[in-house]
Amino acid sequence: MKHFPRRLALLVAAVLAAGAVHADGPFRNPDNKSANDAGEGTYPVPYKKPTEAEIVGALDRVRGYIDSITPTRVVDKASGKPITDLGKPVAGAVFEPSPGDFGLMVYEMGVIHAGLLKATEVTGDQRYSDVTRRHLQFFKDTQPYFRAQEAQFKLGRANSFTRFLEPRSLDDSGSMCAALVRARFAKVGPDLKGMIDTCSGYVRKKQYRLDDGTFARQRPQASSVWADDMYMGIPALAEMGHLTGDKAWFDDAASNVLTMAQHLYNERNGLFTHGWNANNPDAPRFYWARANGWAVLSMSDLLDVLPKDHPAYPKVLAQLRASLRGIAELQSGTGLWHQMLDRNDSYLETSASAIFVYVYAHAINQGWISPTTYGSIAQAGWIGLGTRINAKGQVEGTCVGTTFASDQVYYYNRPVSVDAMHGYGPVLLAGAEMLKLLKNPAIDIQHKLRTYHYMPRENGSKISEH
């Protein structure tokens, strides 16, 4: 960077080191060493190949923040005082609330655990999986107490353990079920077979479905299909197939990918609409970004464990490839994607962007899609995400929980918050997989003609040219 104007060089370094999220551009690409190159553009966010140190630094800030705001203690709800005697239940005993309302059993935490486990797998740093280990040990230690509390006081949804005592939705069960199975394979934490059985049993046998077995909800209309439920249900089915070897789990997972796509996927623009109502199948479609994120993440998770000789494998892979093509065409000039994918006057949203970055990088690393086509898209997306991770490790710009709605105004004006947990797991996943992509021995990352080319090396393995 010695050829750069000193002031600009210092600004770029400060942005990358501190994770500043509101620094203004324009930025010049530091990989172009010719400061007088008139053909080099300037960019609203740094346009560069990220370094391993930068990614690890961002991931570690996020991990540290999650670790700091997820206490694993039982307290009295009224007084906040710790309850240490777990032999005698009291009605007011609850999980100690998180300062940011980071619930220990909500579906977003299942994605966080997926990210923590992935980060340990890629980096070898046990501090990531130690957070998962701490949470799961807390579940093991307190489940008998809260089960006894429920038997005595009948608290229902007020019981802190309710999602694993009596799950009532895919949100209660599916994402965390997949996380528990992954932790079991990674040998992280205690054996939670009972919790796995409870949540997987709900997903497979109790969740409301259409007549053809498609996951559905009885809201907002009498029978509605939500793209969110691809992630809330399919990875759990896939991981149970992985765990048990029972083909029926895989059959159910793959069938749901394909039937939900029939209801939700628009072949003309390559996007998933957020939802579909059986009583009004021709209603207007709204292409909410995170719904598309859940869709492609569920397909990616399924392909990770689905036997390649399963008859649905090529169909699921084809659907993932088609979806990634449609989403790629709508990436913004910052590397991020818009809240409403097809509406560039809607705000840039973090959680969906992070999911997309993860799935692009992962699909390249798995050989499902071409690095030459999608490598620089993943790279630009990660650089954009880096501007949303602040110095405290908070993830900014994430849309809060969002229902399936029937007008654009609602989606356009959903708030964003650092307390929206939906952004944290995807950022961990994206960063870990980008590290893996940067170190992929089958890919040569070249900077030439002022841009980036992810080229297959000679004799490279697992690289697709689709």
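Arg 388 counts as buried at 16% relative accessibility, where buried means under 20% relative accessible area, exposed over 50% and partly exposed in between, using a 1.4 Å probe and protein chains only. Arg 388 sits in the loop between α13 and α14 (408-412). Its C-alpha atom is separated by 24 Å from that of Ser 298, 90 residues apart along the chain. This is a predicted model, in which local features need pLDDT of at least 70, side-chain atom pairs count only at pLDDT 80 or more, and totals for chains, interfaces and linings use all residues. Residues are numbered from 1 along each chain as its sequence is written, and side-chain values use heavy atoms, with hydrogens and water left out. Helices (H or I, at least four residues) and strands (E, at least two) are DSSP runs, numbered from the N terminus.

- Helix α13 covers residues 371-386, and its 16 residues should span 22 Å at 1.5 Å a residue. The end C-alpha atoms are 21 Å apart, which agrees. The expected span is 1.5 Å times one less than the number of residues.
- Buried residues in α13 include Tyr 374, Gln 379, Trp 382 and Leu 385.
- Two packed helices are described by the angle between their axes and the distance between the axes.
- Helix α12 (residues 350-365) packs with α13 at an angle of about 145 degrees, and the axes are 9 Å apart. Axes are lines fitted to C-alpha atoms, for helices over the stretch in contact, and angles run from 0 to 180 degrees between N-to-C directions.
- The crossing of α12 past α13 is left-handed. That term applies if the near helix is turned anticlockwise from the far one by less than a right angle; clockwise gives right-handed.
- On the α12 side, the residues that meet α13 are Thr 350, Ser 353, Ala 354, Val 357, Tyr 360, Ala 361 and Ile 364. On the α13 side, they include Pro 371, Ile 377, Trp 382 and Leu 385. Contact means heavy atoms within 4.5 Å.
- By class, this contact of α12 with α13 has eleven nonpolar, four polar and no charged residues. Ala, Val, Leu, Ile, Met, Phe, Trp, Tyr, Cys and Pro count as nonpolar, Asp, Glu, Lys and Arg as charged, and the others, Gly among them, as polar.
- Pro 371 lies in α13. Pro 371 counts as buried at 0% relative accessibility. Its C-alpha atom is separated by 6.5 Å from that of Met 455, 84 residues apart along the chain.

**Helix α8**

- Helix α8 (residues 228-244) has 17 residues and reaches 25 Å from its first C-alpha to its last, close to the expected 24 Å.
- α8 bends by about 25 degrees at Ile 234, and Pro 235 follows within four residues. The bend at a residue is the angle between axes fitted to the seven residues ending there and the seven starting there.
- In α8, 14 of the 17 residues are buried, so the helix is largely enclosed by the rest of the structure.
- Gly 245 follows α8 and has a positive phi, near 75 degrees.

- Most residues other than glycine have a negative phi, and most peptide bonds are trans.
- Lys 187 is not a glycine, yet has a positive phi of about 60 degrees. Lys 187 lies in the loop between α6 (170-185) and α7. At 71% relative accessibility, Lys 187 counts as exposed.
- Arg 450 is not a glycine either, and has a positive phi of about 70 degrees. Arg 450 is in the loop between β11 (443-448) and β12 (451-456). Arg 450 is partly exposed, with a relative accessible area of 34%.
- Arg 219 and Pro 220 are joined by a cis peptide bond, with omega about 0 degrees. Pro 220 is in the loop between α7 (193-206) and β5 (224-226).

- Ser 300 is in helix α10 (residues 289-305). Ser 300 is buried, with a relative accessible area of 0%. Leaving aside neighbours within four places in sequence, Ser 300 is in contact with Leu 320, Tyr 358, Val 359, His 362 and Trp 368.
- Val 316 lies in helix α11 (residues 313-328). Val 316 counts as buried at 0% relative accessibility. The C-alpha atoms of Val 316 and Ser 300 are separated by 8.9 Å.
- Pro 284 is in the loop between β8 (275-277) and α10. Pro 284 counts as exposed at 63% relative accessibility.
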